[in-house]
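Please read the points below with the sequence and the coordinates open beside them.

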2 protein chains.
Amino acid sequence: MGVRKLYGSLDSPDTIRALASLNEHKLDFDFIPIDLKSGEHKREPFLSMSPFGDVPAYQDEQLTLFESRTVMRFISHCYFTPDNEQVYEDPRLQGIAAEWIDIEDHQFDPPASKLTWELVLKPKLIGQPPDSTVVAQEQLKLAKVLDIYEKRLAESNFLGGHKYTSADLTHLPGLYYLTGTPVDQLFEERPLVSAWKKSIMSRPGWKKVVAMIEGVQA
Amino acid sequence: MGVRKLYGSLDSPDTIRALASLNEHKLDFDFIPIDLKSGEHKREPFLSMSPFGDVPAYQDEQLTLFESRTVMRFISHCYFTPDNEQVYEDPRLQGIAAEWIDIEDHQFDPPASKLTWELVLKPKLIGQPPDSTVVAQEQLKLAKVLDIYEKRLAESNFLGGHKYTSADLTHLPGLYYLTGTPVDQLFEERPLVSAWKKSIMSRPGWKKVVAMIEGVQA
């Protein structure tokens with residue numbers, strides 16, 4: 001049994017963000033499924049780890065963390081090696097990389113999460129069809145965000161800078177869920193965004209996460 | 001003229017967060033007001049600094065940043081001195097402090113921002129009264145968040161750990177705007193939250209921000 005544990009659900013984009021970071025850094029961990037349908041995340045003992053009742057929760061021998069972007073930031077700062085260094089030592093370069101984590105959180109995630117719910121999770125988890133008005137509204141919002149991403153990727157290989165960082169990785173849950181939905185077109189229409197999406201989704205650490213999700217679903 | 005510039009509005013909680021961080025670290029800077037009413041933040045030249053059209057934007061000789069929590073994180077990592085060190089060197093302690101920045105962002109800020117809009121900014125900026133249904137709903141949400149804060153402050157002097165960090169500072173805009181509104185009672189009812197609020201609002205760096213806001217309004 002490993003010393004690191006991740007408690008969460010493979011139907012939770014936030015859990016998947018933490019899984020992506022653990023795998024990118026080639027860390028051993030135990031994954032402990034939390035049953036969202038029965039509300040296991042809103043009861044003890046889960047609440048002792050994550051007092052707001054949100055998955056995932058990360059635990060090692062010394063600390064517990066429960067915000068997915070915090071888990072990702074912590075792992076990238078604590079476990080960087082020459083192979084998978086996702087942070088910059090220069091605080092200015094790191095400042096820009098960290099900015100793109102907040103941009104994902106505040107600009108990309110709101111429409112991407114709503115689209116993921118409507119197009120993927122709502123039909124799957126509660127058997128209801130997408131609300132087409134919400135889908136249309138959120139696609140418009142996401143398109144505007146992606147226009148700015150296209151400009152950013154014209155000046156930089158990755159969103160956070162010249163190398164792959166958490167600023168890119170943090171987008172993987174949204175990109176994964178929206179692949180195969182009508183939203184794909186928004187990515188495909190923008191050549192640099194499309195190439196970036198393909199590049200970050202082909203990383204070995206991410207492929208392990210996909211195998212995990214699809215293994216459970218198979 | 002200083003080398004650092006902050007572009008923003010004193011009616012913007014995000015601008016005030018960045019001002020709090022600059023003043024906590026005793027940094028010189030020029031404040032350049034952006035007129036939100038006329039939409040200056042949605043036009044060039046501001047958009048070149050902040051492509052999503054959000055205030056504030058921070059600029060020094062080497063970089064531009066535009067997410068307020070990014071500006072705060074950057075300043076705390078770049079300019080720490082023994083007097084105002086807001087970060088931990090140990091990545092585990094820093095992980096916990098960083099977690100409480102995300103908690104403010106995802107748990108405290110949504111109800112606090114809606115209450116600030118309804119009770120303070122909406123009457124002031126567009127002359128409309130608060131929507132009492134929204135106020136009641138958001139107060140309930142904020143009360144639940146503050147219950148968890150009360151427990152946290154029973155085990156730790158500050159939210160992020162034993163010392164004052166950005167995890168506390170990031171709450172100042174919400175605490176400031178809600179002081180003097182009916183929401184104050186939610187803070188007062190919780191002794192540790194109430195003592196924490198008084199303590200962080202009495203810091204010299206924060207008092208300079210209040211003097212700036214009230215100087216403009218006077």
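The points that follow concern a predicted model, and they go from the fold of one chain to the contact between the two copies.

1. In chain A, four strands form an open sheet with mixed pairing, in the order β2-β1-β3-β4. Since β2 (30–33) and β4 (64–65) of chain A each have a single partner strand, they stand at the edges, so one side of each is left without a neighbour in the sheet.

2. Within that sheet, β1 (residues 5–8) and β3 (residues 57–59) of chain A run antiparallel and are joined by three bridges, and Tyr7(A) stands opposite Ala57(A) in β3(A). Helix α1 (residues 13–24) of chain A packs on the sheet, where it touches β1, β2 and β3 of chain A, and its direction makes about 160° with that of β1(A).

3. The same surface serves both copies, as 100% of the contact residues of chain B recur in chain A.

4. The area buried between chain B and chain A is about 2,800 Å², and carbon and sulfur atoms give 59% of it. Of the area that chain B buries against chain A, 26% is supplied by Phe52(B), Arg92(B) and Glu99(B), more than by any other three residues.

5. Two salt bridges are found across the interface of chain B and chain A, and the side chains of Arg92(B) and Asp60(A) meet in a salt bridge at 2.3 Å, N to O. On the side of chain B that touches chain A, α4(B) gives the largest share, eleven residues.

Technical notes
Residues numbered from 1 in each chain as written. Chains lettered and ligands numbered in written order. Predicted model: local features only at pLDDT ≥ 70, side-chain atom pairs only at ≥ 80, totals over all residues. Heavy atoms only, no water. Pairing = 2+ DSSP bridges. Helix = DSSP H or I, 4+ residues; strand = E, 2+ residues; numbered from the N terminus. Contact = heavy atoms within 4.5 Å. Axes fitted to C-alpha atoms, helices over the stretch in contact; angles between N-to-C directions. Buried area = accessible area lost by both parts, 1.4 Å probe. Salt bridge = Lys/Arg side-chain N within 4 Å of Asp/Glu carboxyl O.
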